[in-house]
Amino acid sequence: EFKRAQRALEEADRQKNKFLATLAHELRNPLAPVRYAAALLQPGLSDEALARVRALVERQTGHMARLLDDLLDLSRITRDAVVLQ
């Protein structure tokens, strides 16, 4: 019984680590275009280019916000702050 519980805890820990690694990767992906867009923001940028940069930043930060919301939801679930039905 103890060995089975220990294996279950080890598997849960492995899954958690895998999830965190995946999440870090998924959060990093939209960050690169935002950094690129920030580098483009120079004086004299055309209105058209500025609109493209703004759209890129909005799209990528929206993606990051959804990922962070999912992470917060997961945190609430694991702390039993939310009950799934």
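How many salt bridges does the structure hold? I went through this predicted model and got four.

**Overall form.** I looked up the secondary structure next: two helices and zero strands. I boxed the C-alpha atoms along the principal axes and got roughly 70 × 25 × 15 Å.

**Surface and charge.** I find 13% of the 85 residues counted as buried. The protein exposes about 7,100 Å², with 59% of that supplied by carbon and sulfur atoms. I also checked the charges: 14 positive and 12 negative, with mean positions 4 Å apart.

Arg14 pairs with Glu11 at 2.7 Å, N to O. The two sit three residues apart in helix 1 (residues 2-40), so about one helical turn separates them. Arg14 is partly exposed at 43%, and Glu11 is partly exposed at 36%. I then noted Lys16 with Asp13, a salt bridge at 3.2 Å, N to O. These are also three residues apart in helix 1, about one helical turn. Lys16 comes out partly exposed at 42%, and Asp13 at 37% is partly exposed too.

Glu48 bridges to Arg52, with the closest N and O atoms 3.1 Å apart. They are four residues apart in helix 2, so again about one helical turn lies between them.

**Gln60.** Is Gln60 buried or exposed? I have it in helix 2 (residues 47-78), and its relative accessibility is 17%, so it counts as buried. Leaving aside neighbours within four places in sequence, I see Gln60 in contact with Pro30, Pro33 and Val34.

Note on methods. Residues are numbered from 1 along each chain as its sequence is written. This is a predicted model: local features need pLDDT of at least 70, side-chain atom pairs count only at pLDDT 80 or more; totals for chains, interfaces and linings use all residues. Side-chain values use heavy atoms; hydrogens and water are left out. Buried means under 20% relative accessible area, exposed over 50%, partly exposed in between (1.4 Å probe, protein chains only). Accessible areas come from the Shrake-Rupley method with a 1.4 Å probe; for residues, only the protein chains shown count as cover. Lys and Arg count as positive and Asp and Glu as negative; His and the chain ends are not counted. The place of a charge is taken as NZ of Lys, CZ of Arg, CG of Asp or CD of Glu. Contact means heavy atoms within 4.5 Å. A salt bridge is a side-chain nitrogen of Lys or Arg within 4 Å of a carboxyl oxygen of Asp or Glu.
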